[in-house]
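Here is a protein model to go through by question and answer. Each answer sets a value against its cut-off where one is needed.

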Amino acid sequence: MTIKFFRNKVVEVEPLSSTELEVSWRLTDDLLKLEVSLKVQIPEMEILEADASVGRFPPKNCRDAAEKIKMVEGVSIGGGLRKIVRGILGGEDGCSLLVDAVLESANAVILHFTRPGIQILESLTDPQQKLDGLQAMLKSNPKLVRSCISFQDDSPIMKGLNL
């Protein structure tokens, strides 16, 4: 007997205005459908609004996802986000799917800002030009500092920036 299982996950970031982004996260598989929508204020990277809807056969701890997701409103995307989101939405009575949704949405927001610069930097061949470009990107968006391993305090990229 062959068992088939299909899962599709999509995260999209759309600018709503010069000060807001909308992030749409959707998970659909043969058993479950879950959608999360976040409005993020920029440049603060604060989650202004959070909505969730659950379809087919949600796990017991995720049935009230529409109420639980509201707890991330006011949280900023940046350092400490994983711990905050896991503390608010995770745990024994929490919904791990919502934790994943918020963290993956936050990653998408960060990539929304970093991808164009990374594409330009990847076209450069001089290592010093690449380093200068990365440092300029961090200066223009300091919320990226400590957002990934490359932008930690002890990283060569961060040397001399004092951010």
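Q: How many helices and how many strands are in the protein?
A: This is a predicted model. The protein has four helices and four strands.

Q: What pattern does the protein follow along the sequence?
A: The pattern is β-β-β-β-α-α-α-α.

Q: What are the dimensions of the box that the C-alpha atoms fill?
A: Along the principal axes the box is roughly 55 × 40 × 30 Å. The accessible surface comes to about 9800 Å². Carbon and sulfur atoms account for 53% of that surface.

Q: Why is Met45 called buried?
A: Buried means under 20% relative accessible area. Met45 has a relative accessibility of 2%, so Met45 counts as buried. Met45 lies in the loop between β3 and β4.

Q: What stands out in the backbone of Met45?
A: Phi of Met45 is near 65°. That is a positive value in a residue other than glycine.

Q: What kind of peptide bond joins Ile42 and Pro43?
A: The bond is cis, with omega about 10°. Pro43 lies in the loop between β3 and β4.

Q: Why is Phe57 called exposed?
A: The cut-off for exposed is over 50% relative accessible area. Phe57 has 66%, so Phe57 is exposed. Its place is the loop between β4 and α1 (65-68). Phi of Phe57 is also positive, near 40°, in a residue other than glycine.

Q: Is Phe151 buried or exposed, and what makes it so?
A: Phe151 has a relative accessible area of 7%. The limit for buried is under 20%, therefore Phe151 is buried. Phe151 is found in the segment after α4.

Q: Which residues are in contact with Phe151, leaving aside its neighbours within four places in sequence?
A: They are Leu134, Met137, Leu138, Leu144, Val145, Arg146, Ile157 and Met158. Leu138 is 13 residues from Phe151 along the chain. The C-alpha atoms of this pair are separated by 8.4 Å.

Q: Which residues have the most contacts inside the largest nonpolar core?
A: Ile69, Ile77 and Leu98 have the most contacts there. The core has 45 residues. The largest share, eleven residues, comes from α3.

Q: Why is this core said to lie between domain 1 and domain 2?
A: Domain 1 (7-114) and domain 2 (124-158) both give residues to the core, so the core lies between them.

Q: Which residues does Ile77 touch, not counting residues up to four places away in sequence?
A: Ile77 touches Val40, Met45, Ile47, Ala106, Val109, Ile110 and Lys143. One of these, Met45, is the buried loop residue with 2% relative accessibility.

Q: How many residues of domain 1 and domain 2 are in contact with each other?
A: Eight residues of domain 1 are in contact with five residues of domain 2. The domain centres, taken over C-alpha atoms, are 26 Å apart.

Q: What share of the residues is buried?
A: Buried residues make up 33% of the 163 residues.

Q: How many positive and negative charges are there, and where do their mean positions fall?
A: There are 20 positive and 23 negative charges, and their mean positions are 4 Å apart.

Note on methods. Residues numbered from 1 in each chain as written. Predicted model: local features only at pLDDT ≥ 70, side-chain atom pairs only at ≥ 80, totals over all residues. Heavy atoms only, no water. Core = buried A, V, L, I, M, F, W, Y, C linked by side-chain atoms within 4.5 Å. Buried < 20%, exposed > 50% of the residue type's maximum accessible area, 1.4 Å probe, protein only. Domains from an automatic or database assignment. Contact = heavy atoms within 4.5 Å. Areas by Shrake-Rupley, 256 points an atom, 1.4 Å probe, with all protein chains shown as cover. Lys, Arg positive; Asp, Glu negative; His and termini not counted. Charge placed at Lys NZ, Arg CZ, Asp CG, Glu CD.
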